[in-house]
Amino acid sequence: MISPQKVLFATGSNISTASDWNVEMAVVKGVANSVFAAHDFCPMSTLSFANDNLFDAVQIYLRREWEPSYAEAIGAALRTFYLQPLVHWPDLFSLEQASDQKLWRLTNAFFGEGKEKPIVLHFDGSKKVEETIKAIQILSNEGFVPCLENTVGVEDRTLSRTYIERYIEVLLKSPGARAVIDVPRLWCNKNGPVEEALSRLAFILGALSGKDSPIILHLIDAKDESQERESWCPLGQGII
C-alpha cells in the first residue's frame, strides 16, 4: 500500500502557511523556492520563509552555474533551521544528466552526513523506459534517492496516456525511485476538463498503490484552468 507519509510541496507566489493546512494523515509539509519567483527564486529567502511559517522541508531548484561554496552555504542554513532539503535538478532527466559529477557535488552540499538525499527529476517520456531505469540506477548507486516528477510536453503542454504509462512503468521497475506527482500539471486545460484530470490522478495513484515508498505531491491551487501564474491561489481556495 502507499506509505501514509506523504510529502506535500506548495509552489508559487501565493500560498498559505503550513499551519493553515488541515491534513489528517502524517505528512512532511514543504515549500519550494518558486515562492520567491519575483526575487530570482532566492533560496535563502525561502529558507527563512519556511522556518518562520513552520514548514518541515524546502525544495530548492538547483542551478548548475552555482559555485560549490554557495551550495554549501544553503546546506548550512538548512541544517541551522532543521529543514529537510529536496533538490530539484534542472532540465529533463537523462543518462547524461545522471552522470553529471558537478550536479552530484552541488547536490551533496545540501545534505548532512548520513542523511537521505532525495532529488526531483523531470521525467522525459520520449526516452526508452530501459534508458531511464539505467539513469535512475546510476544515481541510486551514488547514494541519491531519485524522485521522478511528471511534466508536460514542451510544445503542446499535453500529458498523453502513453507518457503516463511509461512514467508508471519506470517507477514500478525502480524500487529505489519515488513518485513526484505534480498535480497542477494534470489540470492543464489542454489535458481536458477537470473530470479527466481527476481520472488521470486516480489512475496514477492506483497504479502506484503497491509501491511501498512516500509519494511527493506538488500542490498549488488555481482560480481557473488557464494555468497562468495570475490564477494561482492558496490551497483550498481554487478548483483543485
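Me: Which residue does arginine 161 meet in a salt bridge between side chains?

Reply: This is a predicted model, in which local features need pLDDT of at least 70, side-chain atom pairs count only at pLDDT 80 or more, and totals for chains, interfaces and linings use all residues. Residues are numbered from 1 along each chain as its sequence is written, and side-chain values use heavy atoms, leaving out hydrogens and water. A salt bridge is a side-chain nitrogen of Lys or Arg within 4 Å of a carboxyl oxygen of Asp or Glu. At 3.3 Å, N to O, the partner of arginine 161 is glutamate 165.

Me: What separates arginine 161 and glutamate 165 along helix H6?

Reply: Helices are DSSP runs of H or I with at least four residues, and strands are runs of E with at least two, numbered from the N terminus. Helix H6 covers residues 161-172, and the two residues are 4 apart in it, so the separation is about one helical turn.

Me: Is glutamate 165 buried, partly exposed or exposed?

Reply: Buried means under 20% relative accessible area, exposed over 50%, and partly exposed in between (1.4 Å probe, protein chains only). Glutamate 165 has a relative accessibility of 40%, so its class is partly exposed.

Me: What is the relative accessible area of isoleucine 164?

Reply: Isoleucine 164 is also placed in helix H6. Its C-alpha lies 9.8 Å from that of threonine 151, 13 residues away in sequence. Isoleucine 164 is buried because its relative accessible area is 4%.

Me: How many salt bridges are counted?

Reply: One of them joins the side chains of aspartate 124 and lysine 127 at 2.9 Å, N to O. Aspartate 124 is buried at 10% relative accessibility, and lysine 127 is partly exposed at 24%. By the rule given above, the count of salt bridges is 7.

Me: How far apart are the end C-alpha atoms of helix H2?

Reply: The expected span of a helix is 1.5 Å times one less than its number of residues. Helix H2 has 13 residues (68-80), so it should span 18 Å. The model agrees with this, the end C-alpha atoms being apart by 18 Å.

Me: Within what arc do the buried residues of H2 fall?

Reply: The buried residues of H2 are Ala71, Ile74, Gly75, Ala77 and Leu78. Seen down the axis, they line one face of the helix, because the arc that holds them is 160°. That arc is taken over the directions from the helix axis to the C-beta atoms, and its value is again 160°.

Me: Which helices and strands are included in what covers the buried residues of H2?

Reply: On the other side of H2, Ser69 and Thr80 are exposed. Cover is judged by contact, meaning heavy atoms within 4.5 Å. The elements covering the buried residues include H1 (43-52), E3 (57-61), E4 (84-92) and H4 (101-108).

Me: Which residues does threonine 46 touch?

Reply: Threonine 46 lies in helix H1. It counts as buried because its relative accessibility is 0%. Leaving aside residues up to four places away in sequence, threonine 46 touches Val31, Ala32, Asn33, Val35, Phe36 and Val58.

Me: Which residues of strand E5 are buried on each side?

Reply: In a regular strand the side chains alternate between the two faces of the sheet. Strand E5 (residues 118-122) has 5 of its 5 residues buried. Both faces are covered: one side has Pro118, Val120 and His122, and the other has Ile119 and Leu121.

Me: How many bridges join E5 to strand E6?

Reply: Two strands pair if DSSP finds at least two bridges between them. E4 and E5 run parallel with 3 bridges, and leucine 92 stands opposite histidine 122. E5 and E6 (residues 145-149) also run parallel, with leucine 121 opposite leucine 148. The number of bridges between E5 and E6 is 5.

Me: What share of the residues in the protein chain is buried?

Reply: The chain has 8 helices and 10 strands. Among contacts between residues at least 6 apart in sequence, 68% join residues at least 24 apart. Of the 240 residues, the buried share is 51%.
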